[in-house]
Amino acid sequence: MGVLYTAVQHAHSGLRWVVLILLIAAIGRAASRRRTGVVYPGKDKLALFSLISVHIQLLLGLALFLWLSPYGITADPIEGGGSAVAKYYNYVHWWTMLIAVVLITVGYSKAKRQAELNKGWKTIGIYYLVGLLIILAGIPWPFYPGLESVGWG
Ligand code: HEM
């Protein structure tokens, strides 16, 4: 279990950078395509890869939260136990990230149905941007008070 925990923790930690880069790239492309009047083709590779990356993050996160991590649900901070780190994961991290994943998923599937109206790029841009901002706020950055022990990568 120790090896699996370390592997999933590192994958989840490192994948954050992939998620952030793909989201920024997808938002940038949506903005420029919309500006130049390109019709949304019904699906966009960058938007799709960003969607897949946040879904993988969700699965890895669920495995950590429900099963592998000592800071997850088993830390039971509700009963008064648990460190600041455990409290952060139990009260902040999972639900902010879940909201972001839902928004990005809704944005992608809504845009798919708007291909002929040429609204798709705007929908991707807005939903992904809000999702990105929530993810940026929900990442356990080491400069958050109490989270100094959490790594960068
Ligand atoms: C796009 C979504 C997400 C991103 C970018 C993200 C990012 C991160 C990062 C950077 C860490 C710190 C890892 C480290 O260096 O120690 C972390 C830890 C963690 N995340 Fe997420 N996360 C996401 C979604 C989720 C979700 C949806 C859940 C739960 C359902 C979750 C559960 C956890 C848990 C339990 C830890 C603590 C792991 C440990 O150190 O034991 N994450 N996450």
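User: What does S13 do with its polar side-chain atom, and how far is that atom from an oxygen atom of the ligand?

Analyst: In this predicted model, a polar side-chain atom of S13 sits 2.9 Å from one of the ligand's oxygen atoms.

User: OK, and how far is the side chain of Y5 from the ligand?

Analyst: For Y5, an N or O atom of the side chain is 2.5 Å from an oxygen atom of the ligand.

User: What about H93, which kind of ligand atom is on the other end there?

Analyst: A nitrogen atom. The distance from that ligand nitrogen to an N or O atom in the H93 side chain is 2.8 Å.

User: Which elements give two or more residues to the shell around the ligand?

Analyst: Those are α1 (2-35), α2 (45-68) and α3 (84-112). The biggest share comes from α2, which gives six residues.

User: How many residues are around the ligand, and which come nearest?

Analyst: There are 21 of them, and the nearest are Y5, Q9, H12, S69 and H93.

User: Switching to the metal: which residues coordinate the iron atom of the ligand?

Analyst: H12 and H93 do, each through NE2, at 2.0 Å.

User: And why is the arrangement around the iron octahedral?

Analyst: Because the six donor atoms around the ligand's iron subtend angles of 85 to 179 degrees.

User: Where do H12 and H93 lie in the chain?

Analyst: H12 is in helix α1, while H93 is in helix α3. The two are 81 residues apart in sequence, so the pair ties together separate parts of the chain.

User: Which pocket does the ligand take up?

Analyst: The space it takes is the largest pocket.

User: Zooming out, how many helices and strands does the protein chain have?

Analyst: Four helices and zero strands. Going along the sequence, the pattern reads α-α-α-α.

User: Last one: what does the C-alpha trace span?

Analyst: Along the principal axes of the protein chain, the C-alpha trace spans about 55 × 30 × 25 Å.

Key:
Residues are numbered from 1 along each chain as its sequence is written. This is a predicted model: local features need pLDDT of at least 70, side-chain atom pairs count only at pLDDT 80 or more; totals for chains, interfaces and linings use all residues. Side-chain values use heavy atoms; hydrogens and water are left out. A residue is near a molecule or strand if one of its heavy atoms lies within 4 Å of it. A polar contact is a pair of N or O atoms within 3.5 Å; within protein, one must be able to donate a hydrogen and the other to accept it, and residues adjacent in sequence count only if both atoms are side-chain atoms. On a 1 Å grid over the protein atoms alone, a cavity is a set of points where a 1.4 Å probe fits but cannot get out, and a pocket is an open set with protein on both sides within 12 Å along at least five of seven lines; lining residues have an atom within 4 Å of a point. A molecule sits in a cavity or pocket if more than half of its atoms lie within 2 Å of its grid points. Donors are N, O and S atoms within 2.8 Å of the metal (3.2 Å for Na, K and Ca); water is not among the atoms, so sites may look incomplete. Four donors count as tetrahedral if all angles lie between 85 and 135 degrees; four count as square planar and six as octahedral if opposite donors are over 155 degrees apart and all others between 65 and 115; anything else is irregular.
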